[in-house]
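Dear colleague,

Please find below the structure that I am handing over to you. My notes on what was found in it follow.

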Amino acid sequence: MIKLSHTRLLLLSIVLLLGIWSCSSQKNTFVSRNYHNLTSYYNYYYNAYDNYKNGTQRAEKGINFNYTLNLPVLLIGESQVPGIVSGDMERTLNKCTMLLARHSITVKPARKKNTLSPREKEFMSLNEYVRWARESWLLVGMAHTWKQDLTKARSSFEFVIRQFPGLPIWFEAQVWLARVAILEGDYVDAQDRLKSVEGNRKRPRDNNFNHLLSSTWAYYYQRQQQPESMLPYLRKAIELAPKKSDKIRYTYILAQTLQQLGKTGEALVAYQKVLKMNPAYDMAFSARIQMIALSQKKGDELKHELIKLSKDAKNTDYLDQLYFTLGNLERKDGNIDKAIEYYTLSAKYSKSNSNQKGMSYLVLADYYFSKNDYTLAQAYYDSSYNSLDNTYPEFQRIEQKAKYLNALVENINTIKTEDSLLRVAAMPKEERDALIKAIIANIEVEEQRAKAMEQDERNQSLLYQQSQRFRTENTQEGGKWYFYNQASLSYGQSEFQMKWGKRKLEDNWRRKNKRLLSSDEVTVAGTGATTGQEPQKQLSPKTPEYYLVNLPFSDSLKQLSIEKVKNAMLRVAEIYEVNLSDYNEAKAAYLKLAQRFADQEIAANAYYRLYRMASQYNQHDDAAQFRNTLITNYPKSPYAILLSNPAYFEQLSRQQNEGEEIYQKAYDFYTKGQHSDALSVLQGGMTKVKNTPLEPKFLLLEALCQAKTAELKVFKSSLSNLATTFPKTDEGQLAEVMLKQLEQRELQLVSGQTDLDIAPVTAQPETQSSIYTSAEGEHMFVLLVPKRSNINQTKFNIISFNVDEFIEADLNVTNQPFNDYVEMITCTGLKDKQTAIKYFKMISKEPKVFAGLKPTDYQMFVISIDNFARFLGDKSIPDYLNFFKANYKTE
């Protein structure tokens with residue numbers, strides 16, 4: 001330690017005391033400036049910068065590099081960095097914030113003379129008089145950049161540029177702003193800033209600044225994939241690098257770049273330089289592999305060297321890179337089968353390097369895709385997509401191909417599954433039972449084999465754990481807490497990896513595939529029920545019911561299964577045509593669809609697509625054949641009409657325009673309340689919009705007009721027809737919703753107490769309810785109530801009324817559903833019409849019977865036994881109420 005004389009210590013103490021006094025009086029003096037510079041540096045800036053350095057060093061050691069890809073010149077853009085440096089950078093920001101709050105001096109010092117020298121003028125123009133406060137603003141921006149909080153970083157650097165022009169930190173802030181622009185993808189802004197700094201004669205000339213500038217230029221060109229332009233700046237960065245770790249990484253990047261540019265000799269020299277600098281083992285290992293691959297040795301010698309490395313126990317964690325390189329060599333020599341074997345081994349032995357595993361899968365995916373083996377390609381693209389980081393250069397291409405191929409394979413599997421179900425359902429019962437029995441037997445055999453393998457693995461794991469525990473106990477570091485005990489930690493880590501493998505520290509680490517599954521997408525296996533539905537009993541795959549439950553035995557289920565096949569076949573053909581641009585596969589898929597459903601409209605659609613595709617690919621013979629088939633076999637289809645009549649679309653357009661004019665006229669009548677006039681216009685123009693997109697619009701407006709002019713029964717019938725005929729249109733779906741609302745609120749509609757915009761039900765002449773006949777025989781009392789009401793209580797009330805008023809009559813009270821929303825309570829045993837009328841009048845005057853029911857929530861009437869059967873078939877409450885009011889004098 002440096003020993004200070006008593007005199008110097010005394011002077012330092014005086015400065016501090018004067019500084020404290022000056023600080024308290026908020027003055028900008030020589031003493032106060034020195035005090036704040038001294039205390040701000042040692043109390044805050046030193047610690048802030050120390051934490052910043054710790055964070056950057058932690059990032060250098062913590063990033064898992066993929067040496068198969070080019071290493072980054074700068075680490076600030078790597079996805080792993082924010083999580084590694086966050087703690088250190090937060091401490092840096094806290095220290096800087098406290099420094100600026102306690103030691104900033106922005107007050108101008110008092111002028112002692114009128115004339116100032118240029119140097120004094122420069123000093124007086126400063127906006128901040130404490131050096132470490134100025135440096136803190138720059139450090140704040142640098143810390144935010146490492147955290148990848150680019151908005152805050154840009155704000156800090158721009159503050160430095162505005163407040164401190166001409167100072168060295170102004171130039172540093174410009175370069176760091178260029179780095180932020182590179183990370184944001186704004187390469188024009190980055191280039192402008194770097195050129196302005198480079199061309200400024202006042203810029204700093206020290207090695208640290210020159211390294212900052214040259215490394216940023218190198219990063220600029222690397223991110224834009226311009227290796228030739230990057231090389232001179234990278235070489236300069238290597239020469240000026242202040243840290244050994246940076247120099248090693250830059251040199252490795254130089255070797256990779258030279259290798260990509262085909263400069264084999266220079267690349268070998270660069271890799272040798274990397275090894276001489278004693279890098280980390282994983283980098284050294286990768287460099288050796290690349291040197292072997294670049295050497296002048298023949299193929300067999302190269303492979304022998306790599307295989308020799310794979311047998312070294314130290315290289316166990318790097319087998320994925322070895323096998324990947326061997327795969328590349330075999331592929332280069334044309335040994336595709338051997339190359340596939342090595343790529344598969346590379347993926348198998350890739351434990352901690354998921355990017356390497358993804359790259360191995362990607363090579364296999366691209367190979368099978370080039371051979372049009374889309375099923376295998378889909379499996380490998382999907383695995384590659386789920387292994388690679390989203391910063392991988394080709395990630396978007398992989399994501400797109402995985403998406404299309406997943407859809408392709410999903411639809412192919414749908415076709416296979418539904419065809420199998422149809423085939424098995426059509427089997428004789430004995431043959432079907434024998435097939436299911438054989439499947440169950442195979443499952444039981446497989447289960448026994450799996451249990452035996454699991455037991456063997458458990459035994460091996462137990463032996464390993466016992467040996468590890470014995471070793472730990474013999475090397476126990478006594479008196480140490482578990483997390484300070486390296487032996488215990490190593491044992492725990494190995495035991496965890498034995499069970500789970502190497503897992504990244506992240507949320508949901510137990511889940512292998514985090515992209516494909518989310519909580520709201522989980523379905524109950526084997527039943528097709530979603531988690532939002534009632535849980536269903538799970539069937540065992542070792543029971544016949546498990547296989548019988550999904551077989552389409554009924555005609556409706558068979559038709560549904562056939563529709564699934566039809567839609568899946570069309571989707572497969574579309575994917576081949578549009579997404580994969582495979583003419584031959586698309587042609588085969590469309591032909592297969594047309595041949596299987598030759599008597600349906602979809603066949604005409606398939607031939608039209610075939611014609612259009614063949615024309616696009618200049619397959620003129622095929623186009624002529626498909627056109628002829630379409631016109632000959634499906635002459636009335638819109639596709640055939642289009643090909644035989646080029647003006648077809650023009651005619652359709654005119655028809656559409658005419659239909660829209662008619663619709664607008666009818667709609668205008670409807671909005672003015674002239675519903676009968678609107679109906680007349682709609683019915684007159686219906687033929688002109690038949691089989692056009694306007695037809696469901698016409699039908700919906702017609703139904704809405706009928707709601708105002710006709711009986712409820714007619715309105716419901718029109719809505720039902722629309723919902724059934726056009727179920728996938730907006731109008732059809734709206735009609736379905738309205739039908740449910742009508743059923744739910746039909747009792748209120750009948751009473752006229754509803755907010756639905758429908759004409760109230762009024763008494764109509766008897767002739768309008770012609771399905772009902774006058775009868776004098778046995779009758780029954782009917783009470784219609786909402787299902788949500790207390791039905792049992794209402795039944796009890798009716799029974800009590802019967803006991804009090806009709807004790808001698810043999811009356812029976814029951815209930816049954818009328819529809820999804822209304823319950824029907826009946827009282828049978830009324831011997832004739834007069835008794836029924838008497839019963840109705842008396843019960844109507846007993847409010848206790850209807851306690852808990854609103855007057856608008858129920859309807860009641862009496863009805864003959866014969867008419868009751870007709871009422872159940874018709875289901876129209878208003879129609880019978882009209883008949884009841886006309887034929888039963890209850891007033």
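**Overall features**

The protein chain exposes about 50,200 Å², of which carbon and sulfur atoms supply 51%; accessible areas come from the Shrake-Rupley method with a 1.4 Å probe, and for residues only the protein chains shown count as cover. Please note that this is a predicted model, in which local features need pLDDT of at least 70 and side-chain atom pairs count only at pLDDT 80 or more, while totals for chains, interfaces and linings use all residues. Residues are numbered from 1 along each chain as its sequence is written, and side-chain values use heavy atoms, with hydrogens and water left out.

The secondary structure comprises 37 helices and 4 strands (DSSP runs numbered from the N terminus: helices are H or I with at least four residues, strands E with at least two). Of the 891 residues, 42% count as buried (buried is under 20% relative accessible area, exposed over 50%, partly exposed in between, with a 1.4 Å probe and protein chains only). Among contacts in the protein chain with a separation of 6 or more, 60% are between residues 24 or more positions apart (contact means heavy atoms within 4.5 Å).

Thr-56 belongs to helix H2 (residues 30–62). Thr-56 counts as buried because its relative accessibility is 7%. Beyond its neighbours within four places in sequence, Thr-56 is in contact with Met-89, Trp-146 and Lys-243.

The second largest pocket holds about 950 Å³ of space. Its lining has 35 residues, and the closest to its centre are Tyr-49, Met-142, Glu-172, Trp-176 and Leu-212. Two or more lining residues come from each of H2, helix H5 (131–146), helix H7 (168–184), helix H9 (207–223) and helix H11 (244–260).

Glu-776 sits in the loop between helix H33 (746–751) and strand S1 (779–786). With a relative accessible area of 55%, Glu-776 is exposed. Not counting residues up to four places away in sequence, Glu-776 touches Asp-832 and Lys-833. Although Glu-776 and Lys-833 are 57 residues apart along the chain, their C-alpha atoms are separated by 5.1 Å.

Val-803 is part of helix H34 (residues 791–805). Val-803 is partly exposed, as its relative accessible area is 45%.

I would be glad to receive your comments.

Yours sincerely

Notes. On a 1 Å grid over the protein atoms alone, a cavity is a set of points where a 1.4 Å probe fits but cannot get out, and a pocket is an open set with protein on both sides within 12 Å along at least five of seven lines; lining residues have an atom within 4 Å of a point. Grid points are joined across faces, edges and corners, and a volume is the space filled by probe spheres set on the points.
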